[in-house]
Amino acid sequence: HPEAVQDDTQTGVRRRDFIEIAAVSFAGIGGIAVLFPLISQMAPSADVLAESTTELDISAIQPGQSVKAVFRKQPVFVRNLLPAEIAEAAAVDVSSLRDPQTLAERTKEGKENWLITMGVCTHLGCVPLGAGEGENKGEFGGYFCPCHGSHYDTAARIRKGPAPTNLLVPEYEFTSDTTVQIG
Ligand code: FES
């Protein structure tokens, strides 16, 4: 009977569609479950970015030390520069820099030894290594990004490698001689 054959074919097609749709949905849910933690880490919500501040006690950070803290779910470097490092940064011909900025422009007046920058490479967002840390070559005494080899100097200014700009200086203020509020 011609009608019966047609019915069977239609049922067959419908069954295949259902199986394909189910498989796609399952993959989609799996993909979301795997991706979500990565996305939530990389892109903090707008509220977190707009509102949070971080209060840091900087009393234990010795001259010559750079510590990594967290600000708005991203690394931030707080560095207590040695007088020699301040002199080195000040001696650089600013006009020769890719992103020309003096150390004074990147720090607060009277507190030029405190360099506070985001610990996020301006190339593709890796976390650069501090002086003497890991495979940091220390060519400019500052930070080295292991991902594609960007070198930042003691004022965290880009000197070599693919990063387009200096490490970013976030908003911050000293709330006392030993505390700083970032954000
Ligand atoms: Fe730092 Fe590419 S992410 S050099």
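Biologist: Why is Cys121 called buried?

Modeller: The relative accessible area of Cys121 is 4%, and buried means under 20%, exposed over 50% and partly exposed in between, with a 1.4 Å probe and protein chains only. Cys121 is therefore buried. Cys145, at 2%, is buried as well. Please note that this is a predicted model, in which local features need pLDDT of at least 70, side-chain atom pairs count only at pLDDT 80 or more, and totals for chains, interfaces and linings use all residues. Residues are numbered from 1 along each chain as its sequence is written, and side-chain values use heavy atoms, with hydrogens and water left out.

Biologist: What makes Cys147 partly exposed?

Modeller: Its relative accessibility is 39%, so Cys147 counts as partly exposed.

Biologist: How do you know that a disulfide joins Cys126 to Cys147?

Modeller: A disulfide is a pair of cysteine sulfur atoms within 2.5 Å, and the S to S distance between Cys126 and Cys147 is 2.0 Å. The count by this rule is 1 disulfide.

Biologist: Why is the pair said to tie parts of the chain together?

Modeller: Cys126 lies in the loop between S4 and strand S5 (141-144), and Cys147 in the loop between S5 and strand S6 (151-153), so the linked parts are 21 residues apart in sequence. Strands (E, at least two residues) and helices (H or I, at least four) are DSSP runs, numbered from the N terminus.

Biologist: What makes Glu112 partly exposed?

Modeller: The relative accessible area of Glu112 is 27%, which means that Glu112 is partly exposed.
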